[in-house]
Each structure stands twice: as C-alpha cells, then as structure tokens.
Amino acid sequence: MAQVELEPGERLLRGWPAESVGKGGAKGSMGWLVVTDRRILFYRQAGVFRGSQVVKPPLLSVRVERIRSVSPRQFSMEIGYGDKVAIPGLEIDGQDFRLNRETPSAEVLQRIAEARRGKSGEPLP
C-alpha cells in the first residue's frame, strides 16, 4: 500500500488483492483494489510473476462522490472435475472485480460506504 499515490490530505482506508474481470467473465488483471477517503483505485500488479510492484497510473480511479453504482457480485470458479466454488466480488460503475475467497464483498462495500458518507453525509444509494 506504500506505492499508492495519495492526494494531499487524502487518507488510505484499506486495500485488497483483486482481479479486474473482463467482458463475459474473462480473466483480467491481478492487482489491488484500494479505497481512500476520496477515491476508489485499482492498481494492476507489475511483472510476469506478479511481484509486489504495481503499475501506475491506476486502471481505475473514481472519486467516491461520482460513483454511479456499486454492488456485490458472485463469481464461480471451476475446481477439480467440474466442481465449482463461489468467489466474492463486486461491481463498481460497470467494472467487475473478483476478490479472494477470504474477503467478503460486504467488507469492501462497507469501506466504500464509509468514504461516501464522509463526502456527502448520506449512505450510498
């Protein structure tokens, strides 16, 4: 999280490993979904072996007061011989993100709502 470029006075609330999901559920970019008190950011991880470096600028940067939609999503991943496991995720302004199995989407949505209330004083629609 030390690589996240913050604006003056901006506070980092939390970050989670995530994968941006392409059209039709296609595999996207691995990286970090970051919520600050002003913005939501998605940074792609750099390199073939996905080291700790991130690519700048972020692939997604949305000011919390300009978010049009945010909602939980559920993805499935095939494991073994046709078995599937549920993977939590979320949608932000039409862009889908898969989280890891240990991160409930409610946790991320709560941080976004906190940032949103801090800006407008009202809960996210």
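Which residues line the largest pocket? Pro-17, Ala-18, Glu-19, Met-30, Met-77, Ile-87, Arg-98, Leu-99, Asn-100 and Arg-101 do. Before going further, note that this is a predicted model, where local features need pLDDT of at least 70, side-chain atom pairs count only at pLDDT 80 or more, and totals for chains, interfaces and linings use all residues. Residues are numbered from 1 along each chain as its sequence is written, and side-chain values use heavy atoms, with hydrogens and water left out.

A pocket here is an open set of points on a 1 Å grid over the protein atoms alone, where a 1.4 Å probe fits and protein lies on both sides within 12 Å along at least five of seven lines; lining residues have an atom within 4 Å of a point. The largest one holds about 180 Å³ of space, counted as the space filled by probe spheres set on the points, which are joined across faces, edges and corners.

Strand 1 (12-21) gives the largest share of that lining, three residues, and strand 7 also supplies at least two. Strands are DSSP runs of E, at least two residues long, numbered from the N terminus.

Now for the loops. Between strand 6 (83-92) and strand 7 (95-99) you'll find Asp-93. Its phi is near 50 degrees, a positive value in a residue other than glycine. Is Asp-93 buried or exposed? Asp-93 counts as buried because its relative accessibility is 18%, and buried means under 20% relative accessible area (1.4 Å probe, protein chains only).

Another loop, between strand 3 (39-44) and strand 4 (60-63), contains Pro-57. A cis peptide bond links Lys-56 to Pro-57, with omega about 0 degrees.

Methods
Helix = DSSP H or I, 4+ residues; strand = E, 2+ residues; numbered from the N terminus. Buried < 20%, exposed > 50% of the residue type's maximum accessible area, 1.4 Å probe, protein only.
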